[in-house]
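Welcome, and thanks for taking a look at this one with us. Please have the chain open while you read the notes below.

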Amino acid sequence: MNQRSFITITNQNDEFSILDENTPLPSGWQKFSDKSDLETCITFLQNTWEEKGNQGRCPISFPIQGVDYKGLEIDSLQKELLRLKRLLWVKPPYGDNAWLVSNFKEVRSVLRDDRFSRQQCPFHNESRLTPHPLDTSIMGLDAPDHTRIRSILDSLFSVSASLALKDRVEESANELIDLLGTPSEPIDLVEEFVMPFSGLTICEIMGVPFEDRSKFRIWLDSFSSTTLLDADQVAENMDAMHAYMGELIEIKRKNLGDDLISGLTRANEEGKLSDKELLELITVVLIAGHDTVSAQLMLSLFVILSDSTLTQQLKEDPNLSNIAIKELLRYIPVDAYITFARYAKEDVVMADGTVIKQGEAVLPSLISANQDPEVFENPDSLDLNRSKNPHLMFGAGIHICPGGILGMIEIKAGICSLFQRFPNISLAVSPEEIRFREGLQVRSIYELPVYLKK
Ligand code: HEM
(Lines give C-alpha, C1' and ligand atoms only; values in the text may rest on other atoms or scores of the structure.)
Protein backbone atom coordinates (compact mmCIF):
# COMPACT_ATOMS: atom_id res chain seq x y z
CA MET A 1 0.00 0.00 0.00
CA ASN A 2 1.34 3.42 -0.96
CA GLN A 3 1.75 5.49 2.17
CA ARG A 4 0.23 8.93 1.74
CA SER A 5 1.77 12.10 3.11
CA PHE A 6 0.00 14.56 5.33
CA ILE A 7 0.62 18.01 6.74
CA THR A 8 -0.64 19.43 10.02
CA ILE A 9 -2.61 22.67 9.92
CA THR A 10 -3.93 25.10 12.50
CA ASN A 11 -6.29 28.08 12.73
CA GLN A 12 -6.55 31.12 14.98
CA ASN A 13 -8.80 29.27 17.46
CA ASP A 14 -5.86 26.97 18.21
CA GLU A 15 -7.61 24.08 16.51
CA PHE A 16 -5.55 21.52 14.69
CA SER A 17 -6.17 19.27 11.81
CA ILE A 18 -4.42 17.04 9.36
CA LEU A 19 -4.65 17.32 5.60
CA ASP A 20 -3.65 15.09 2.77
CA GLU A 21 -0.70 17.03 1.29
CA ASN A 22 -2.53 17.31 -2.03
CA THR A 23 -5.68 18.85 -0.57
CA PRO A 24 -5.94 22.67 -0.79
CA LEU A 25 -5.82 24.51 2.56
CA PRO A 26 -9.33 25.37 3.83
CA SER A 27 -9.88 29.11 4.32
CA GLY A 28 -8.76 30.40 7.74
CA TRP A 29 -6.26 27.58 8.15
CA GLN A 30 -2.49 27.65 7.76
CA LYS A 31 0.25 25.09 7.52
CA PHE A 32 1.63 24.04 10.92
CA SER A 33 4.26 21.44 10.05
CA ASP A 34 5.91 19.88 7.02
CA LYS A 35 4.64 16.77 5.32
CA SER A 36 5.12 13.37 6.87
CA ASP A 37 3.12 10.19 7.44
CA LEU A 38 -0.08 10.32 9.47
CA GLU A 39 1.36 8.63 12.56
CA THR A 40 4.17 11.20 12.74
CA CYS A 41 1.65 14.02 12.23
CA ILE A 42 -0.57 12.75 15.04
CA THR A 43 2.36 12.30 17.43
CA PHE A 44 3.70 15.74 16.51
CA LEU A 45 0.33 17.33 17.25
CA GLN A 46 -0.07 15.46 20.51
CA ASN A 47 3.35 16.68 21.67
CA THR A 48 2.57 20.25 20.63
CA TRP A 49 -0.70 20.14 22.52
CA GLU A 50 1.05 18.78 25.60
CA GLU A 51 3.59 21.62 25.43
CA LYS A 52 0.66 24.01 25.47
CA GLY A 53 -0.42 22.35 28.70
CA ASN A 54 -3.83 21.51 27.39
CA GLN A 55 -4.60 18.04 28.69
CA GLY A 56 -2.12 16.42 26.33
CA ARG A 57 -4.86 16.21 23.79
CA CYS A 58 -5.00 16.93 20.14
CA PRO A 59 -8.59 17.38 19.01
CA ILE A 60 -8.18 17.03 15.28
CA SER A 61 -11.16 18.38 13.34
CA PHE A 62 -13.17 15.54 11.90
CA PRO A 63 -14.12 14.79 9.15
CA ILE A 64 -10.90 16.25 7.79
CA GLN A 65 -12.41 16.70 4.36
CA GLY A 66 -15.45 18.55 5.76
CA VAL A 67 -18.88 16.91 6.13
CA ASP A 68 -19.71 16.75 2.42
CA TYR A 69 -18.60 13.93 0.18
CA LYS A 70 -18.31 13.72 -3.57
CA GLY A 71 -19.02 10.02 -3.98
CA LEU A 72 -18.52 6.80 -2.07
CA GLU A 73 -15.13 7.80 -0.67
CA ILE A 74 -14.18 7.30 2.98
CA ASP A 75 -12.47 10.09 4.91
CA SER A 76 -8.72 9.69 4.42
CA LEU A 77 -8.11 10.05 8.16
CA GLN A 78 -10.32 7.04 8.86
CA LYS A 79 -8.50 4.96 6.27
CA GLU A 80 -5.15 5.80 7.82
CA LEU A 81 -6.39 5.08 11.33
CA LEU A 82 -7.41 1.63 10.12
CA ARG A 83 -3.88 1.03 8.94
CA LEU A 84 -2.40 2.34 12.18
CA LYS A 85 -4.97 0.45 14.30
CA ARG A 86 -5.38 3.38 16.62
CA LEU A 87 -8.02 5.62 18.07
CA LEU A 88 -7.87 9.37 17.67
CA TRP A 89 -9.18 12.25 19.78
CA VAL A 90 -11.23 14.37 17.37
CA LYS A 91 -13.33 17.48 17.29
CA PRO A 92 -16.59 16.79 15.42
CA PRO A 93 -18.62 19.70 13.97
CA TYR A 94 -20.96 19.74 17.01
CA GLY A 95 -20.80 18.69 20.64
CA ASP A 96 -18.01 17.22 22.72
CA ASN A 97 -14.64 16.09 21.46
CA ALA A 98 -14.56 12.32 21.17
CA TRP A 99 -12.49 9.23 20.44
CA LEU A 100 -12.90 8.22 16.83
CA VAL A 101 -13.00 4.42 16.61
CA SER A 102 -12.30 3.03 13.16
CA ASN A 103 -11.15 -0.57 13.13
CA PHE A 104 -13.53 -3.51 13.05
CA LYS A 105 -12.62 -5.19 16.33
CA GLU A 106 -12.78 -2.00 18.38
CA VAL A 107 -15.96 -0.69 16.73
CA ARG A 108 -17.73 -3.98 17.36
CA SER A 109 -16.47 -4.15 20.93
CA VAL A 110 -17.70 -0.58 21.66
CA LEU A 111 -21.15 -1.43 20.26
CA ARG A 112 -21.36 -4.61 22.31
CA ASP A 113 -19.93 -3.22 25.56
CA ASP A 114 -22.48 -2.00 28.11
CA ARG A 115 -19.83 0.26 29.66
CA PHE A 116 -20.55 2.53 26.68
CA SER A 117 -23.89 4.24 27.04
CA ARG A 118 -26.36 5.96 24.74
CA GLN A 119 -28.59 6.97 27.64
CA GLN A 120 -25.85 9.24 29.06
CA CYS A 121 -25.90 11.45 25.94
CA PRO A 122 -28.44 14.02 27.19
CA PHE A 123 -26.18 14.67 30.22
CA HIS A 124 -23.43 15.80 27.84
CA ASN A 125 -23.24 17.95 24.74
CA GLU A 126 -23.63 14.92 22.49
CA SER A 127 -20.75 14.54 20.08
CA ARG A 128 -22.26 14.62 16.58
CA LEU A 129 -22.32 15.81 12.97
CA THR A 130 -25.84 17.26 13.13
CA PRO A 131 -26.64 20.74 14.50
CA HIS A 132 -29.45 19.41 16.67
CA PRO A 133 -28.93 16.54 19.16
CA LEU A 134 -31.41 14.00 17.83
CA ASP A 135 -34.25 12.49 19.75
CA THR A 136 -33.39 8.90 18.94
CA SER A 137 -36.01 7.10 21.04
CA ILE A 138 -34.95 3.46 21.52
CA MET A 139 -31.52 4.31 20.09
CA GLY A 140 -31.01 6.66 23.03
CA LEU A 141 -31.61 4.06 25.75
CA ASP A 142 -29.59 1.48 27.71
CA ALA A 143 -30.90 -1.59 29.55
CA PRO A 144 -33.34 -2.00 31.25
CA ASP A 145 -35.50 0.61 29.40
CA HIS A 146 -34.00 -0.43 26.09
CA THR A 147 -34.68 -4.13 26.79
CA ARG A 148 -38.33 -3.42 27.58
CA ILE A 149 -38.99 -1.38 24.44
CA ARG A 150 -36.86 -3.56 22.19
CA SER A 151 -38.74 -6.71 23.25
CA ILE A 152 -42.04 -5.07 22.23
CA LEU A 153 -40.56 -4.06 18.88
CA ASP A 154 -38.99 -7.50 18.34
CA SER A 155 -42.30 -9.23 19.02
CA LEU A 156 -43.86 -7.23 16.14
CA PHE A 157 -40.76 -7.31 13.94
CA SER A 158 -39.56 -10.90 14.25
CA VAL A 159 -37.52 -12.69 11.58
CA SER A 160 -40.60 -14.69 10.56
CA ALA A 161 -42.75 -11.52 10.44
CA SER A 162 -40.13 -9.86 8.20
CA LEU A 163 -39.88 -12.91 5.92
CA ALA A 164 -43.68 -13.05 5.66
CA LEU A 165 -43.53 -9.58 4.06
CA LYS A 166 -41.31 -10.78 1.19
CA ASP A 167 -44.12 -11.51 -1.31
CA ARG A 168 -45.87 -8.21 -0.62
CA VAL A 169 -42.59 -6.27 -0.95
CA GLU A 170 -41.92 -7.91 -4.34
CA GLU A 171 -45.49 -7.19 -5.41
CA SER A 172 -45.10 -3.50 -4.46
CA ALA A 173 -41.89 -3.28 -6.51
CA ASN A 174 -43.71 -4.73 -9.52
CA GLU A 175 -46.74 -2.48 -9.09
CA LEU A 176 -44.49 0.57 -9.11
CA ILE A 177 -42.58 -0.75 -12.12
CA ASP A 178 -45.92 -1.15 -13.97
CA LEU A 179 -46.52 2.56 -13.44
CA LEU A 180 -43.20 3.40 -15.12
CA GLY A 181 -44.35 2.10 -18.51
CA THR A 182 -41.59 1.92 -21.14
CA PRO A 183 -40.70 5.52 -21.91
CA SER A 184 -38.08 6.17 -24.58
CA GLU A 185 -36.85 9.19 -22.60
CA PRO A 186 -34.69 8.73 -19.48
CA ILE A 187 -36.49 8.51 -16.15
CA ASP A 188 -35.11 9.34 -12.70
CA LEU A 189 -35.04 6.10 -10.69
CA VAL A 190 -34.66 7.99 -7.38
CA GLU A 191 -37.95 9.89 -7.68
CA GLU A 192 -39.91 7.45 -9.77
CA PHE A 193 -38.98 4.16 -8.17
CA VAL A 194 -36.65 4.11 -5.14
CA MET A 195 -38.38 6.71 -2.95
CA PRO A 196 -41.98 5.56 -3.62
CA PHE A 197 -40.97 1.90 -3.23
CA SER A 198 -39.28 2.31 0.14
CA GLY A 199 -42.05 4.74 1.21
CA LEU A 200 -44.84 2.35 0.20
CA THR A 201 -43.26 -0.56 2.07
CA ILE A 202 -42.73 1.29 5.35
CA CYS A 203 -46.18 2.95 5.12
CA GLU A 204 -47.92 -0.39 4.68
CA ILE A 205 -46.00 -2.03 7.52
CA MET A 206 -46.60 0.84 9.89
CA GLY A 207 -50.13 1.71 8.79
CA VAL A 208 -49.24 5.24 7.65
CA PRO A 209 -51.27 6.69 4.73
CA PHE A 210 -49.04 6.50 1.64
CA GLU A 211 -50.76 9.64 0.25
CA ASP A 212 -48.95 11.62 2.96
CA ARG A 213 -45.51 10.61 1.70
CA SER A 214 -44.71 14.03 0.24
CA LYS A 215 -44.40 15.27 3.85
CA PHE A 216 -41.81 12.64 4.75
CA ARG A 217 -38.93 13.84 2.60
CA ILE A 218 -38.19 16.95 4.64
CA TRP A 219 -38.57 14.95 7.88
CA LEU A 220 -36.03 12.38 6.70
CA ASP A 221 -33.67 15.16 5.65
CA SER A 222 -34.12 16.88 9.03
CA PHE A 223 -33.02 13.81 10.91
CA SER A 224 -29.93 13.42 8.77
CA SER A 225 -29.04 17.08 8.16
CA THR A 226 -25.47 18.18 8.82
CA THR A 227 -25.51 21.50 6.96
CA LEU A 228 -28.67 21.30 4.82
CA LEU A 229 -30.88 22.72 7.57
CA ASP A 230 -30.09 24.71 10.69
CA ALA A 231 -30.96 23.63 14.24
CA ASP A 232 -34.21 25.68 14.33
CA GLN A 233 -35.45 24.24 11.03
CA VAL A 234 -34.67 20.73 12.24
CA ALA A 235 -36.52 21.30 15.54
CA GLU A 236 -39.51 22.78 13.68
CA ASN A 237 -39.70 19.82 11.26
CA MET A 238 -39.35 17.28 14.05
CA ASP A 239 -42.21 19.00 15.92
CA ALA A 240 -44.33 18.78 12.76
CA MET A 241 -43.52 15.09 12.42
CA HIS A 242 -44.41 14.41 16.07
CA ALA A 243 -47.70 16.30 15.63
CA TYR A 244 -48.53 14.21 12.55
CA MET A 245 -47.66 10.95 14.30
CA GLY A 246 -49.63 12.01 17.41
CA GLU A 247 -52.76 12.52 15.28
CA LEU A 248 -52.22 9.18 13.58
CA ILE A 249 -52.01 7.38 16.94
CA GLU A 250 -55.32 8.94 18.00
CA ILE A 251 -56.98 7.80 14.77
CA LYS A 252 -55.59 4.26 15.26
CA ARG A 253 -56.77 4.09 18.87
CA LYS A 254 -60.37 4.19 17.65
CA ASN A 255 -59.86 1.19 15.39
CA LEU A 256 -56.71 -0.84 16.07
CA GLY A 257 -55.58 -3.00 13.14
CA ASP A 258 -52.67 -5.35 12.53
CA ASP A 259 -50.10 -2.76 11.45
CA LEU A 260 -47.03 -1.78 13.49
CA ILE A 261 -48.46 1.46 14.89
CA SER A 262 -51.57 -0.42 16.07
CA GLY A 263 -49.38 -3.08 17.69
CA LEU A 264 -47.31 -0.48 19.51
CA THR A 265 -50.46 1.45 20.50
CA ARG A 266 -51.84 -1.78 22.01
CA ALA A 267 -48.62 -2.11 24.04
CA ASN A 268 -49.16 1.50 25.17
CA GLU A 269 -52.75 0.73 26.25
CA GLU A 270 -51.46 -2.29 28.18
CA GLY A 271 -49.09 0.03 30.05
CA LYS A 272 -45.89 -1.39 28.51
CA LEU A 273 -44.98 1.80 26.65
CA SER A 274 -45.57 5.41 27.77
CA ASP A 275 -47.30 7.92 25.45
CA LYS A 276 -43.98 9.71 24.88
CA GLU A 277 -42.14 6.44 24.17
CA LEU A 278 -44.83 5.41 21.68
CA LEU A 279 -44.67 8.70 19.79
CA GLU A 280 -40.86 8.77 19.63
CA LEU A 281 -40.60 5.13 18.65
CA ILE A 282 -42.93 5.28 15.66
CA THR A 283 -41.22 8.48 14.51
CA VAL A 284 -37.81 6.82 14.59
CA VAL A 285 -39.03 3.61 12.92
CA LEU A 286 -40.52 5.58 10.03
CA ILE A 287 -37.28 7.52 9.54
CA ALA A 288 -34.93 4.56 10.07
CA GLY A 289 -37.04 2.27 7.90
CA HIS A 290 -37.36 4.71 5.00
CA ASP A 291 -34.15 6.71 4.84
CA THR A 292 -31.47 4.01 5.07
CA VAL A 293 -33.32 1.58 2.79
CA SER A 294 -33.90 4.17 0.08
CA ALA A 295 -30.30 5.41 0.32
CA GLN A 296 -28.87 1.89 0.18
CA LEU A 297 -31.12 0.93 -2.74
CA MET A 298 -30.35 4.02 -4.85
CA LEU A 299 -26.61 3.68 -4.21
CA SER A 300 -26.67 -0.07 -4.95
CA LEU A 301 -28.35 0.66 -8.29
CA PHE A 302 -25.82 3.43 -8.94
CA VAL A 303 -22.89 1.09 -8.20
CA ILE A 304 -24.28 -1.72 -10.38
CA LEU A 305 -25.27 0.50 -13.31
CA SER A 306 -21.89 2.29 -13.22
CA ASP A 307 -20.06 -0.97 -13.79
CA SER A 308 -20.57 -2.71 -17.14
CA THR A 309 -19.46 -6.13 -15.81
CA LEU A 310 -21.94 -5.99 -12.94
CA THR A 311 -24.73 -4.73 -15.21
CA GLN A 312 -24.05 -7.61 -17.63
CA GLN A 313 -24.03 -10.08 -14.72
CA LEU A 314 -27.46 -8.88 -13.58
CA LYS A 315 -28.78 -8.88 -17.12
CA GLU A 316 -27.84 -12.57 -17.46
CA ASP A 317 -29.10 -13.50 -14.00
CA PRO A 318 -31.26 -10.89 -12.27
CA ASN A 319 -31.57 -12.95 -9.07
CA LEU A 320 -29.00 -11.44 -6.74
CA SER A 321 -28.07 -13.69 -3.81
CA ASN A 322 -28.20 -12.61 -0.18
CA ILE A 323 -24.38 -12.82 -0.27
CA ALA A 324 -24.38 -10.10 -2.94
CA ILE A 325 -26.82 -7.90 -1.00
CA LYS A 326 -24.63 -8.18 2.11
CA GLU A 327 -21.59 -7.19 0.09
CA LEU A 328 -23.40 -4.12 -1.27
CA LEU A 329 -24.19 -3.21 2.34
CA ARG A 330 -20.54 -3.60 3.36
CA TYR A 331 -19.14 -1.79 0.35
CA ILE A 332 -21.45 1.24 0.24
CA PRO A 333 -20.75 3.73 3.05
CA VAL A 334 -24.39 4.78 3.57
CA ASP A 335 -23.69 6.37 6.94
CA ALA A 336 -21.36 9.06 5.72
CA TYR A 337 -18.87 8.87 8.62
CA ILE A 338 -19.97 7.58 12.01
CA THR A 339 -22.91 6.16 13.86
CA PHE A 340 -24.35 7.58 17.10
CA ALA A 341 -21.93 8.56 19.91
CA ARG A 342 -21.63 6.56 23.10
CA TYR A 343 -20.30 7.79 26.49
CA ALA A 344 -18.05 5.72 28.76
CA LYS A 345 -19.70 4.92 32.11
CA GLU A 346 -16.27 4.00 33.57
CA ASP A 347 -12.65 4.06 32.39
CA VAL A 348 -12.19 1.58 29.55
CA VAL A 349 -8.82 0.43 28.17
CA MET A 350 -8.94 -0.19 24.43
CA ALA A 351 -6.80 -2.66 22.47
CA ASP A 352 -4.36 0.05 21.27
CA GLY A 353 -3.77 1.07 24.90
CA THR A 354 -5.94 4.20 24.76
CA VAL A 355 -7.77 4.78 28.02
CA ILE A 356 -11.24 6.15 27.43
CA LYS A 357 -12.01 7.96 30.64
CA GLN A 358 -15.39 7.89 32.33
CA GLY A 359 -17.63 10.54 30.76
CA GLU A 360 -15.71 10.71 27.48
CA ALA A 361 -17.43 10.16 24.15
CA VAL A 362 -16.61 7.62 21.47
CA LEU A 363 -17.67 7.85 17.83
CA PRO A 364 -17.76 4.39 16.25
CA SER A 365 -17.43 4.31 12.48
CA LEU A 366 -19.31 1.40 10.92
CA ILE A 367 -18.22 2.32 7.43
CA SER A 368 -14.51 2.25 8.18
CA ALA A 369 -14.91 -0.98 10.21
CA ASN A 370 -16.40 -2.46 7.04
CA GLN A 371 -13.20 -1.57 5.20
CA ASP A 372 -10.83 -3.16 7.72
CA PRO A 373 -8.25 -5.21 5.79
CA GLU A 374 -7.72 -7.45 8.82
CA VAL A 375 -11.27 -8.74 8.41
CA PHE A 376 -12.13 -8.20 4.73
CA GLU A 377 -9.77 -9.34 2.01
CA ASN A 378 -9.32 -6.60 -0.60
CA PRO A 379 -11.79 -4.35 1.22
CA ASP A 380 -11.78 -1.75 -1.57
CA SER A 381 -13.24 -4.14 -4.11
CA LEU A 382 -16.86 -5.06 -4.45
CA ASP A 383 -16.97 -8.86 -4.53
CA LEU A 384 -20.56 -10.05 -4.93
CA ASN A 385 -19.44 -13.60 -4.06
CA ARG A 386 -17.60 -12.63 -0.84
CA SER A 387 -18.29 -15.52 1.47
CA LYS A 388 -16.78 -14.25 4.75
CA ASN A 389 -18.62 -11.00 5.35
CA PRO A 390 -19.37 -10.09 8.98
CA HIS A 391 -20.17 -6.47 7.94
CA LEU A 392 -21.34 -4.01 10.59
CA MET A 393 -23.78 -2.03 8.45
CA PHE A 394 -26.64 -3.06 10.76
CA GLY A 395 -24.56 -2.31 13.87
CA ALA A 396 -23.95 -4.80 16.70
CA GLY A 397 -24.87 -5.28 20.34
CA ILE A 398 -28.20 -4.29 21.85
CA HIS A 399 -29.00 -1.65 19.20
CA ILE A 400 -28.41 -3.97 16.24
CA CYS A 401 -30.91 -3.02 13.56
CA PRO A 402 -34.27 -4.78 14.00
CA GLY A 403 -35.15 -3.97 10.38
CA GLY A 404 -32.07 -5.57 8.82
CA ILE A 405 -33.86 -8.56 7.28
CA LEU A 406 -36.67 -6.39 5.96
CA GLY A 407 -34.12 -3.93 4.58
CA MET A 408 -32.31 -6.72 2.72
CA ILE A 409 -35.60 -8.05 1.32
CA GLU A 410 -36.47 -4.58 0.02
CA ILE A 411 -33.06 -3.93 -1.54
CA LYS A 412 -33.04 -7.32 -3.22
CA ALA A 413 -36.63 -6.95 -4.48
CA GLY A 414 -35.91 -3.44 -5.78
CA ILE A 415 -32.80 -4.41 -7.76
CA CYS A 416 -34.00 -7.81 -9.00
CA SER A 417 -37.46 -6.64 -10.11
CA LEU A 418 -35.95 -3.81 -12.14
CA PHE A 419 -33.48 -6.10 -13.91
CA GLN A 420 -36.13 -8.80 -14.45
CA ARG A 421 -38.46 -6.33 -16.15
CA PHE A 422 -35.79 -4.22 -17.88
CA PRO A 423 -32.75 -6.44 -18.58
CA ASN A 424 -31.23 -3.72 -20.75
CA ILE A 425 -31.62 -0.91 -18.22
CA SER A 426 -28.68 1.50 -18.46
CA LEU A 427 -27.47 4.81 -17.03
CA ALA A 428 -28.50 7.79 -19.15
CA VAL A 429 -25.45 9.83 -18.06
CA SER A 430 -21.89 8.96 -17.19
CA PRO A 431 -21.34 7.83 -13.55
CA GLU A 432 -19.21 10.97 -12.94
CA GLU A 433 -22.27 13.14 -13.64
CA ILE A 434 -24.27 11.63 -10.75
CA ARG A 435 -24.31 14.19 -7.95
CA PHE A 436 -24.24 13.25 -4.28
CA ARG A 437 -26.59 15.21 -2.03
CA GLU A 438 -24.91 17.76 0.21
CA GLY A 439 -25.39 18.49 3.90
CA LEU A 440 -26.72 15.09 4.92
CA GLN A 441 -25.35 12.40 7.19
CA VAL A 442 -26.96 9.57 5.22
CA ARG A 443 -25.31 9.40 1.82
CA SER A 444 -27.64 9.65 -1.16
CA ILE A 445 -27.84 11.07 -4.67
CA TYR A 446 -30.05 13.71 -6.24
CA GLU A 447 -31.00 11.72 -9.35
CA LEU A 448 -30.29 8.46 -11.12
CA PRO A 449 -31.35 8.96 -14.76
CA VAL A 450 -31.71 5.67 -16.66
CA TYR A 451 -33.05 4.30 -19.94
CA LEU A 452 -35.56 1.55 -19.27
CA LYS A 453 -35.01 -0.70 -22.26
CA LYS A 454 -36.77 -4.08 -22.30
C1 HEM B 1 -30.37 -0.87 4.61
C2 HEM B 1 -31.19 -0.71 5.58
C3 HEM B 1 -30.81 -0.38 7.00
C4 HEM B 1 -29.59 -0.06 7.54
C5 HEM B 1 -28.24 0.07 6.84
C6 HEM B 1 -29.79 0.16 8.97
C7 HEM B 1 -28.78 0.46 9.88
C8 HEM B 1 -28.98 0.51 11.25
C9 HEM B 1 -27.91 0.62 12.23
C10 HEM B 1 -26.44 0.70 11.90
C11 HEM B 1 -28.47 0.67 13.46
C12 HEM B 1 -27.75 0.77 14.79
C13 HEM B 1 -27.07 2.11 14.97
C14 HEM B 1 -26.16 2.16 16.19
O15 HEM B 1 -26.06 1.22 16.96
O16 HEM B 1 -25.55 3.24 16.39
C17 HEM B 1 -29.91 0.60 13.27
C18 HEM B 1 -30.83 0.63 14.30
C19 HEM B 1 -32.19 0.67 14.08
N20 HEM B 1 -32.85 0.48 12.88
FE21 HEM B 1 -31.99 0.12 11.09
N22 HEM B 1 -31.13 0.01 9.23
C23 HEM B 1 -31.77 -0.33 8.07
C24 HEM B 1 -33.12 -0.61 7.93
C25 HEM B 1 -34.07 -0.46 8.91
C26 HEM B 1 -35.48 -0.71 8.75
C27 HEM B 1 -36.13 -1.21 7.47
C28 HEM B 1 -36.07 -0.41 9.96
C29 HEM B 1 -37.50 -0.47 10.37
C30 HEM B 1 -38.52 -0.67 9.58
C31 HEM B 1 -35.01 0.00 10.87
C32 HEM B 1 -35.19 0.39 12.19
C33 HEM B 1 -34.19 0.56 13.11
C34 HEM B 1 -34.42 0.83 14.53
C35 HEM B 1 -35.77 1.01 15.22
C36 HEM B 1 -33.16 0.89 15.14
C37 HEM B 1 -32.86 1.14 16.62
C38 HEM B 1 -32.73 -0.22 17.33
C39 HEM B 1 -32.36 -0.16 18.80
O40 HEM B 1 -31.93 0.91 19.28
O41 HEM B 1 -32.49 -1.19 19.46
N42 HEM B 1 -33.82 -0.04 10.20
N43 HEM B 1 -30.18 0.49 11.91
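This is a predicted model: local features need pLDDT of at least 70, side-chain atom pairs count only at pLDDT 80 or more; totals for chains, interfaces and linings use all residues.

Two strands count as paired if DSSP finds at least two bridges between them, and the strands themselves are DSSP runs of at least two residues, numbered from the N terminus.

- Strand E1 covers residues 6-11 and pairs with strand E3, residues 29-36, in the antiparallel sense over 5 bridges.
- E1 also pairs with strand E2, residues 16-20, again antiparallel and over 5 bridges.
- On the E2 side, threonine 8 has isoleucine 18 as its bridge partner.
- A hairpin is formed by E1 and E2, with 4 residues between them.
- In the turn of that hairpin, aspartate 14 has a positive phi of about 65 degrees.
- As background, strands of a sheet pair through backbone hydrogen bonds, either parallel or antiparallel.

**The surroundings of the ligand**

- The ligand is surrounded by 25 residues, and the closest are Gly289, Gly395, Cys401, Gly403 and Gly407.
- Two elements give two or more residues to this shell, namely helix H11 (275-305) and helix H15 (404-421).
- H11 supplies the largest share, 7 residues.
- Sorted by class, the shell has 16 nonpolar, 8 polar and 1 charged residues.

**A pair of packed helices**

- Helix H6 (residues 166-180) packs against helix H7 (residues 189-206) at an angle of about 145 degrees, and their axes are 10 Å apart.
- The crossing of H6 past H7 is right-handed.
- From H6, the contact is made by Val169, Ser172, Ala173, Leu176 and Leu180.
- From H7, the residues making the contact are Glu192, Phe193, Pro196, Phe197, Leu200 and Thr201.
- By class, the residues of the contact of H6 with H7 are 8 nonpolar, 2 polar and 1 charged.

**An open sheet of 3 strands**

- Which order do the strands of the open sheet follow? The order is E8-E14-E13, with antiparallel pairing.
- Strand E8 (187-188) and strand E13 (426-427) are the edge strands, and each pairs on one side only.
- E8 is joined to strand E14 (residues 449-451) by 2 bridges, and these strands run antiparallel.
- Aspartate 188 has its bridge partner in E14, and that partner is proline 449.

Key. Residues are numbered from 1 along each chain as its sequence is written. A residue is near a molecule or strand if its C-beta atom, placed from the backbone, lies within 6 Å of it. Ala, Val, Leu, Ile, Met, Phe, Trp, Tyr, Cys and Pro count as nonpolar, Asp, Glu, Lys and Arg as charged, and the others, Gly among them, as polar. Axes are lines fitted to C-alpha atoms, for helices over the stretch in contact, and angles run from 0 to 180 degrees between N-to-C directions. A crossing is left-handed if the near helix is turned anticlockwise from the far one by less than a right angle, and right-handed if clockwise. Two residues are in contact if their C-beta atoms, placed from the backbone, lie within 7 Å.
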